[in-house]
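Subject: Structure handover

Hello,

Here is the structure for you to look at. My notes on it follow below.

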Amino acid sequence: MGGGVTEEDPHGDPAGGPEGGPPDPPDWQREFAEEARAERPDLARLCLLIGAVADPSVTRHDLDGAEIELDRLAGLVPYATRVTGDWPGALAALLGRREGFEGVPADYQRLESSLLHEVLRRRRGLPILLSVVWMEVARRAGAPVYGLGLPGHFVVGFGDPADLCLADPFAGGRAMTGADAELLVTSATGEALDRSMLRPAEPGAIVLRVLNNIRAWAAPRPERSGVALWAVELALLLPSHPARLRYERAELLVRRGDFLTGAVEMEAYARVMDAVDPEAATTIRRRALAARARLN
């Protein structure tokens, strides 16, 4: 698979080009947009396409290899689990203990911890990416699995969501009770667990959260503004996303020296804000003017 993550052009392998000319590189962002808008988006593919945008050394062969690895892991889940129903125990034994998938605090400082192909290679990642591995392996093995985006921590659940049969992939698959989930939420937010937090997460919401993590990683690293930019651009391709991401993209463009495009996008966002928050719209227009002034 691909090596280190850089900010270079996110293209990898040949996809066939004009006769006699160099092959066209794959358009990973276009493929991401198409998958995101599919009737039933494929979570693993969306996460792998994020990795392809992030890492220019990734090829289509690498993406296929990651899918094959998920299939391989699913094939190792004991068939008897379909009868016993002990999916959390079987997956903790396989993915946590045998295969070594788990997280450590240092993983929060690595961009690779948010890239599925790297998580499959390193067996390390953020809670949400480790949960994606669990979900994709479990789904392929026939488990009734879902993701649960608790505040501050992502976990997986099995069966009827009302039963709260949960596991924490970041902790190697440690079983969680409802009380554990409530304690986790209270620790992260200072508030009690709300039943709305227990709704299974849809693929689009999971992918948006992955991209939010990448943006949060890049935010204190000005030299990685390119990472923040592609993460915002991918988030904007999702059918449902916060409107403010348009303004965030404009700010990033200005920060990276594309003053004109950033100013134009700020002005477009200000027009949207006119009907919602006229005062904020005025402030955004001032920033657009300041960006244009930097062209002189």
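Helix H8 (residues 178-189) comes first. Its 12 residues should span 16 Å at 1.5 Å a residue, and its end C-alpha atoms are 16 Å apart, which agrees. The expected span is 1.5 Å times one less than the number of residues. Helices (H or I, at least four residues) and strands (E, at least two) are DSSP runs, numbered from the N terminus.

A word on the source: this is a predicted model, where local features need pLDDT of at least 70, side-chain atom pairs count only at pLDDT 80 or more, and totals for chains, interfaces and linings use all residues. Residues are numbered from 1 along each chain as its sequence is written, and side-chain values use heavy atoms, with hydrogens and water left out.

**Helix H8**

Which residues of H8 are buried? They are Ala181, Leu184 and Val185. Seen down the axis of H8, these buried residues fall within an arc of 95°, so they line one face of the helix. The arc is that of the directions from the helix axis to the C-beta atoms. Buried means under 20% relative accessible area, exposed over 50%, and partly exposed in between (1.4 Å probe, protein chains only). An α-helix has 3.6 residues a turn, so residues three or four places apart point the same way.

On the other side of H8, Ala179, Leu183 and Ser187 are exposed. The cover over the buried residues of H8 includes strands E1 (145-150), E2 (153-158), E3 (165-168) and E4 (174-176). Contact here means heavy atoms within 4.5 Å. Gly190 follows H8 and has a positive phi, near 80°.

Tyr146 lies in strand E1. It counts as buried, at 8% relative accessibility. Leaving aside neighbours within four places in sequence, Tyr146 has contacts that include Met135, Val156, Phe158, Asp160, Leu166 and Pro200. Tyr146 and Val156 are 10 residues apart along the chain, and their C-alpha atoms are separated by 5.8 Å.

Asp160 sits in the loop between E2 and E3. Is Asp160 buried or partly exposed? It is partly exposed, with a relative accessible area of 43%. The C-alpha atoms of Asp160 and Tyr146 are separated by 9.5 Å, and the two residues are 14 apart along the chain.

Leu164 is also placed in the loop between E2 and E3. Leu164 is buried, with a relative accessible area of 15%. Its phi is positive, near 50°, in a residue other than glycine.

H7 has 15 residues and reaches 21 Å from its first C-alpha to its last, close to the 21 Å expected at 1.5 Å a residue. Of its 15 residues, 13 are buried, so H7 is largely enclosed by the rest of the structure. Just after H7, Gly142 takes a positive phi of about 100°.

Arg123 is in the loop between H6 and H7. It has a positive phi of about 65°, although it is not a glycine. Arg123 counts as buried, at 13% relative accessibility.

H9 has 16 residues and reaches 23 Å from first C-alpha to last, close to the 22 Å expected at 1.5 Å a residue. Its buried residues include Ile206, Leu208, Arg215 and Trp217. The cover over the buried residues of H9 includes helix H1 (28-36), H2, H7, E2, helix H10 (225-236) and helix H11 (245-255).

**The largest pocket**

How much space lies in the largest pocket? About 400 Å³. Of the 16 residues that line the pocket, the closest to its centre are Pro41, Leu43, Glu136, Arg139 and Pro203. Helix H2 (43-54), helix H7 (127-141), E1 and helix H9 (203-218) each give two or more residues to the lining. By class, the lining has 10 nonpolar, one polar and five charged residues.

The terms work as follows. On a 1 Å grid over the protein atoms alone, a pocket is an open set of points with protein on both sides within 12 Å along at least five of seven lines, and lining residues have an atom within 4 Å of a point. Grid points are joined across faces, edges and corners, and a volume is the space filled by probe spheres set on the points. Ala, Val, Leu, Ile, Met, Phe, Trp, Tyr, Cys and Pro count as nonpolar, Asp, Glu, Lys and Arg as charged, and the others, Gly among them, as polar.

Best wishes

Conventions: 1 Å grid on protein atoms, 1.4 Å probe; cavity = no way out; pocket = protein on both sides within 12 Å on 5 of 7 lines; lining within 4 Å.
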